[in-house]
Amino acid sequence: MDKVIWVWIEDQAGQPSEASLELLGEARRLADKRGQTVYAVRLGAELPAGDLAPHGADVELIGLSDRLKAFTVETALAATTAWAADHPPDLVLVAATPQGASLAPRLAARLGFDYAPRTVIAEPTPDGGLSLRQSVLGGKANALSAFPAGSGVVLTMIPGALGLDPPDPKRTGQRRVVEFGPDQVPAPVTQVGKFIPANPATVGLEEADRIMAGGLGFARDGNWALLEETAALLGAAVGGSKPTLDRGWIPPARLIGQSSGRRLAPRVFVGVGVSGSPHFVEGMKEARQIVAVNQDKGAPLVGLADLTLVGDLYEILPAVARQLRDRPRGQDSEETDD
Ligand SMILES: Cc1cc2nc3c(=O)[nH]c(=O)nc-3n(C[C@H](O)[C@H](O)[C@H](O)COP(=O)(O)OP(=O)(O)OC[C@H]3O[C@@H](n4cnc5c(N)ncnc54)[C@H](O)[C@@H]3O)c2cc1C
């Protein structure tokens with residue numbers, strides 16, 4: 001039986017997460033080069049039909065059980081390994097999210113595979129093996145590793161690092177649904193009470209969907225609270241350039257740039273009064289949409305930005321904050337009461 005590529009699909013509110021869709025695109029690319037089939041592996045109690053074929057899946061393998069209603073590592077592990085005999089993979093792609101990072105090494109151990117965390121680039125080698133570049137030392141360096149043909153690998157990939165491929169509406173695939181019995185999936189040891197959406201003010205920068213970062217443009221009067229208030233209204237996590245760290249306006253965990261070791265890829269990045277030096281840009285250039293607020297049209301970040309508001313941040317931020325405050329409630333679909 002030919003070995004296949006599995007992609008672990010993580011659901012958010014009943015929909016495949018963007019990180020999972022990114023992985024499907026990557027799996028498709030690898031499968032086309034290696035002549036393999038891509039299985040999207042998805043678990044839940046009941047899952048709405050989500051067509052994953054346009055994103056790269058040949059087969060959507062869906063496991064259903066009341067015990068899979070919420071993610072727990074022990075139930076997910078039991079369900080996925082139950083499939084390994086019938087649909088054996090030699091490569092498993094998992095997003096390096098908290099859930100994925102808890103599942104992936106255990107799955108590797110169960111399958112007897114190698115485990116390659118925080119992979120940035122995966123390429124097939126001419127002899128049928130796999131060559132990987134992994135982010136190590138908190139993102140400060142990359143490690144190269146090679147796996148010979150025939151070895152099984154579970155790898156995690158950093159969400160946002162690959163980018164989302166546009167779906168191909170012409171691609172079609174199969175959908176197979178398996179109802180797991182109680183002998184196949186154990187009762188979860190961990191009981192999930194409820195999900196509490198992350199608070200943008202406290203969520204780590206790597207997990208933030210939106211980031212608003214400030215720089216020395218705030219030096220005129222040091223009114224950093226203006227940035228924090230506007231970021232809160234926008235539902236964005238706060239970050240800053242190195243000089244703002246040196247001034248004590250942000251803690252080290254909020255630093256943007258190469259010295260932080262973090263490569264951030266939020267959906268939206270707003271840089272306010274920050275020039276966009278190469279050291280800074282290294283940490284945020286993968287952001288999907290970049291907005292710059294700067295009085296200098298020639299600032300490097302302006303050259304990188306999709307949208308620029310040219311002017312004095314002390315006039316622009318209060319105006320933006322006013323608009324955000326005045327918008328009708330619920331206009332932002334991601335707004336929560338938390
Ligand atoms: C080895 C090394 C590592 C480094 N690592 C990092 C790093 O990880 N992260 C990092 O950030 N830096 C790092 N730096 C420093 C980096 O080179 C820059 O000096 C720094 O990023 C500049 O920060 P800034 O953009 O806040 O300040 P500036 O470069 O001074 O930019 C301020 C910007 O604000 C704008 N501005 C000013 N007033 C206003 C206003 N009222 N309204 C609107 N716009 C205004 C200006 O036009 C300007 O573009 C490193 C340097 C070295 C040597």
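Mentor: One term before we start: strands here are DSSP runs of type E, at least two residues long, and they are numbered from the N terminus. Keep in mind that this is a predicted model.

Trainee: Fine. Which strand is Arg-118 found in?
Mentor: Arg-118 is found in strand β7. That strand covers residues 114–124.

Trainee: Is Arg-118 buried or exposed?
Mentor: Buried. The cut-off is 20 or more other C-beta atoms within 10 Å, and Arg-118 has 20, so it counts as buried.

Trainee: And what is the phi of Arg-118?
Mentor: Near 50°, which is a positive value in a residue other than glycine. Most residues other than glycine have a negative phi.

Trainee: Back to the strands. What is the order of the open sheet?
Mentor: It has nine strands, in the order β9-β8-β7-β10-β6-β1-β4-β5-β11, and the pairing is mixed.

Trainee: Which are the edge strands?
Mentor: β9 (141–147) and β11 (174–179). Each of them pairs on one side only. On average, neighbouring strands in this sheet are turned by 35° against each other, ignoring direction.

Trainee: How many residues of β10 are buried?
Mentor: Five of the five, residues 153–157, so the strand is largely enclosed by the rest of the structure.

Trainee: Which residues cover each side?
Mentor: Val-153, Leu-155 and Met-157 are on one side, and Val-154 and Thr-156 are on the other. Both faces of β10 are covered.

Trainee: What does β10 pair with?
Mentor: On one hand β6, residues 89–95, which runs parallel to β10 and is joined to it by five bridges. There, Ala-95 stands opposite Met-157. β7 also pairs with β10 in the parallel sense, over four bridges. In that pair, Tyr-115 faces Val-154.

Trainee: How many bridges between β4 and β5?
Mentor: Six, again in the parallel sense, with β4 at residues 38–44 and β5 at 59–64. Gly-44 has Leu-64 in β5 as its bridge partner.

Trainee: New topic: the ligand. Which residues come nearest?
Mentor: Gly-215, Gly-217, Ser-241, Lys-242 and Gly-257, out of 26 residues around the ligand. Elements giving two or more residues to that shell are α5 (242–246), α6 (278–281) and α8 (313–326).

Trainee: How do the shell residues divide by type?
Mentor: Eight are nonpolar, 14 polar and four charged.

Trainee: Where is Lys-242 found?
Mentor: In helix α5. With 19 C-beta neighbours inside 10 Å, Lys-242 counts as partly exposed.

Trainee: How far is Lys-242 from Ile-256?
Mentor: They are 14 residues apart in sequence, but their C-alpha atoms are 7.3 Å apart in space.

Trainee: Last topic, helix packing. At what angle do α4 and α8 pack?
Mentor: About 30°, with the axes 9 Å apart; α4 is residues 224–234. An angle under 35 degrees counts as roughly parallel, and α4 and α8 are therefore roughly parallel to each other. Their crossing is left-handed.

Trainee: What about α2 and α3, at what angle do they cross?
Mentor: Roughly 40°, and the axes come within 10 Å. Helix α2 is residues 73–83 and helix α3 is 98–111. These two are therefore oblique to each other.

Trainee: Is the crossing of α2 and α3 left-handed or right-handed?
Mentor: Right-handed.

Methods: Residues are numbered from 1 along each chain as its sequence is written. This is a predicted model: local features need pLDDT of at least 70, side-chain atom pairs count only at pLDDT 80 or more; totals for chains, interfaces and linings use all residues. A residue is buried if 20 or more other C-beta atoms lie within 10 Å of its own, exposed if 12 or fewer, and partly exposed in between; C-beta atoms are placed from the backbone. Two strands pair if DSSP finds at least two bridges between them. A residue is near a molecule or strand if its C-beta atom, placed from the backbone, lies within 6 Å of it. Ala, Val, Leu, Ile, Met, Phe, Trp, Tyr, Cys and Pro count as nonpolar, Asp, Glu, Lys and Arg as charged, and the others, Gly among them, as polar. Axes are lines fitted to C-alpha atoms, for helices over the stretch in contact, and angles run from 0 to 180 degrees between N-to-C directions. Angles under 35 degrees count as roughly parallel, over 145 as roughly antiparallel, 65 to 115 as roughly perpendicular and the rest as oblique. A crossing is left-handed if the near helix is turned anticlockwise from the far one by less than a right angle, and right-handed if clockwise.
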